[in-house]
Amino acid sequence: MPKDKPIEPEDDTESTYSADVPPVPFVPLGHVQAHAVDGATVTFRCANGLLRITALAEDCFRVWATQAPVFPELFSYAVAKPDADWDRPQPTALDDRDQVTVELRDVACRVSKMVLLCPIETARR
């Protein structure tokens, strides 16, 4: 395709969206019930689903949530590189009464146990 030619839609049909289809309601994952560390990944079982935090590099986490009872096949628009191409460092998971802190050399992720929040921040060392 020549670079100077604009990309045109293949057809002129309207969107398949219909206001008659109700949106799926958002359900928070809920409080953390348990967590487990497996290599570069920390998985949280929550009241309404699962949360998975994977260390890809010393400054990069992949955060994945699902309301399904198990994680589906891995797919990401944000992370295009295959897992095998990352360094995959071993995170440290520090558990206290209110939160679990997943730490790497350069960043940390604090997962609140009661209200599922997981801010990513620069590690304070």
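Trainee: Two strands pair if DSSP finds at least two bridges between them. With that settled, how many residues sit between E5 and E6 in their hairpin?

Mentor: Three residues lie between E5 and E6 in that hairpin. Keep in mind that this is a predicted model. The two strands run antiparallel and are paired over four bridges, with E6 covering residues 99-103. E5 covers residues 92-95.

Trainee: Which residue in E6 stands opposite Ala93?

Mentor: Val102 is the residue in E6 that faces Ala93.

Trainee: Now the sheet. In what order do its four strands come?

Mentor: The order is E1-E2-E3-E4, the sheet is open, and the pairing is antiparallel. On average, neighbouring strands are turned by 15° against each other, direction ignored.

Trainee: How many bridges join E1 to E2?

Mentor: Six bridges join E1 to E2, which spans residues 41-46, and the two run antiparallel. Across that pairing, Asp38 stands opposite Thr41 in E2.

Trainee: And from E2 to E3, how many residues does the hairpin pass through?

Mentor: The hairpin from E2 to E3 passes through two residues. The pairing is antiparallel over six bridges. Within the pairing, Val42 has Ile53 in E3 as its bridge partner.

Trainee: How many bridges join E3 to E4?

Mentor: Seven, and these two strands also run antiparallel. They form a hairpin with two residues between them.

Trainee: Is E3 mostly covered or open?

Mentor: E3, residues 49-57, is mostly covered, with eight of its nine residues buried. As for side chains, in a regular strand they alternate between the two faces of the sheet.

Trainee: Changing topic. How many salt bridges are there?

Mentor: The count comes to five salt bridges. One of them pairs Asp83 with Arg62, with the closest N and O atoms 3.0 Å apart. Asp83 is in the loop between E4 and E5 while Arg62 is in E4, so this pair ties together parts that are 21 residues apart in sequence.

Trainee: What else does Asp83 meet in a salt bridge?

Mentor: The side chain of Asp83 also meets that of Arg88, at 3.5 Å from N to O. Arg62, Asp83 and Arg88 are therefore linked in a network of salt bridges,.

Trainee: Is Arg62 buried or exposed?

Mentor: Arg62 counts as buried because its relative accessibility is 10%, and buried means under 20%. Arg88, at 32%, counts as partly exposed.

Trainee: Which residue does Arg97 form a salt bridge with?

Mentor: Arg97 forms a salt bridge with Asp98, the closest N and O atoms being 3.3 Å apart. Arg97 counts as exposed at 72% relative accessibility, whereas Asp98 is partly exposed at 44%.

Trainee: Back to the loop between E4 and E5. Which residues is Ala68 in contact with, leaving aside its neighbours within four places in sequence?

Mentor: Ala68, which is found in that loop, is in contact with Gly49 and Leu50 once those neighbours are set aside. Asn48 is 20 residues away from Ala68 in sequence, and their C-alpha atoms are 8.4 Å apart. Ala68 itself is partly exposed, with a relative accessible area of 29%.

Trainee: What about aromatic rings, how many pairs?

Mentor: The structure holds two aromatic pairs. Trp64 and Phe71 form a tilted one, 4.8 Å centre to centre with 45° between the planes. Both Trp64 and Phe71 are buried.

Trainee: And what kind of pair do Phe75 and Tyr77 form?

Mentor: Their centres are 4.8 Å apart and their planes stand at 85°, so the pair is edge-to-face. Edge-to-face requires planes over 60 degrees apart. Phe75 and Tyr77 are exposed.

Trainee: Last one. Where does the charged end of Lys81 sit?

Mentor: The charged end of Lys81 sits over the ring of Trp86, 4.2 Å from the ring's centre.

Terms used: Residues are numbered from 1 along each chain as its sequence is written. This is a predicted model: local features need pLDDT of at least 70, side-chain atom pairs count only at pLDDT 80 or more; totals for chains, interfaces and linings use all residues. Side-chain values use heavy atoms; hydrogens and water are left out. Axes are lines fitted to C-alpha atoms, for helices over the stretch in contact, and angles run from 0 to 180 degrees between N-to-C directions. A salt bridge is a side-chain nitrogen of Lys or Arg within 4 Å of a carboxyl oxygen of Asp or Glu. Buried means under 20% relative accessible area, exposed over 50%, partly exposed in between (1.4 Å probe, protein chains only). Contact means heavy atoms within 4.5 Å. Rings of Phe, Tyr and Trp (its six-membered ring) pair if their centres lie within 6.5 Å; planes under 30 degrees apart count as stacked, over 60 as edge-to-face and the rest as tilted. A charge sits over a ring if NZ of Lys or CZ of Arg is within 6 Å of the ring centre and within 35 degrees of the ring normal.
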